[in-house]
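Please look over the sequence and the model below before reading on. The text then walks through the chain, from its overall make-up to a few individual residues.

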Amino acid sequence: MTLTDFARRVTDSGTCTVTGSGAAGPDADAAPGATGQAHARAHAPVAGADAADSRAVGREADGLAVASFVLGLVGLLVFNVLLGPTAIVMALLALARRTRRRGRALLGLALGVADLVVLAVLVTGNGAVAWDFGG
């Protein structure tokens, strides 16, 4: 049995099996009883397709978590009326897509809420949506 046949047998979902006595060489397809091997080759699942899709979704969710954190942090200083809700939405999307950076997504969510709290304090204290350090 060659290495590729072993890999197919391991990754195969069990619907097709390798049968026959000629499963050891490159001309095993011509051997009697090797039709099961050709059938297994034709219907073998592509192992990298699902893994690549999940990695792409994982990377996208991780990016959303990091972006949420950064936008929430920047939103504490400027544009909190825009960056706060954006950070909240991005954090919720990252958590819904099961990011590996869950802590960063939660921090982005907390900072987005803090942005809105700062906005509420600024509006009630100054009557404007801006920092006022002057007296």
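This is a predicted model: local features need pLDDT of at least 70, side-chain atom pairs count only at pLDDT 80 or more; totals for chains, interfaces and linings use all residues.

The protein chain contains 5 helices and 0 strands, and its order along the sequence reads α-α-α-α-α. Of its 135 residues, 25% count as buried. The chain exposes about 8,600 Å², of which carbon and sulfur atoms supply 67%. Among contacts with a separation of 6 or more, 52% come from residues 24 or more positions apart.

Consider next helix H4, residues 80-96. With 17 residues at 1.5 Å a residue, H4 should span 24 Å, and this agrees with the 24 Å between its end C-alpha atoms. Which residues of H4 are buried? They are Asn80, Leu83, Gly84, Ala87, Ile88, Ala91 and Ala94. Viewed down the helix axis, the buried residues of H4 fall within an arc of 135 degrees, so they line one face of the helix.

After H4 comes arginine 98, with a positive phi near 55 degrees. Threonine 99 sits in the loop between H4 and helix H5 (102-126). Is threonine 99 buried or exposed? Its relative accessibility is 11%, and because buried means under 20%, threonine 99 counts as buried. Its side chain makes a polar contact with the side chain of aspartate 62 at 2.6 Å, and the threonine 99 side chain also reaches the backbone nitrogen of arginine 101 at 3.1 Å. Neighbours within four places in sequence aside, threonine 99 is in contact with Ala61, Asp62, Ala65, Ala94 and Ala105. One of these, Ala94, is among the buried residues of H4.

Aspartate 62 has a further partner in arginine 100: the two form a salt bridge, with their closest N and O atoms 2.8 Å apart. Arginine 100 lies in the loop between H4 and H5, and aspartate 62 in helix H3 (residues 47-75), so the pair ties together parts that are 38 residues apart in sequence. The count of salt bridges comes to 1.

Technical notes: Residues are numbered from 1 along each chain as its sequence is written. Side-chain values use heavy atoms; hydrogens and water are left out. Helices (H or I, at least four residues) and strands (E, at least two) are DSSP runs, numbered from the N terminus. The expected span of a helix is 1.5 Å times one less than its number of residues. Buried means under 20% relative accessible area, exposed over 50%, partly exposed in between (1.4 Å probe, protein chains only). The arc is that of the directions from the helix axis to the C-beta atoms. A polar contact is a pair of N or O atoms within 3.5 Å; within protein, one must be able to donate a hydrogen and the other to accept it, and residues adjacent in sequence count only if both atoms are side-chain atoms. Contact means heavy atoms within 4.5 Å. Accessible areas come from the Shrake-Rupley method with a 1.4 Å probe; for residues, only the protein chains shown count as cover. A salt bridge is a side-chain nitrogen of Lys or Arg within 4 Å of a carboxyl oxygen of Asp or Glu.
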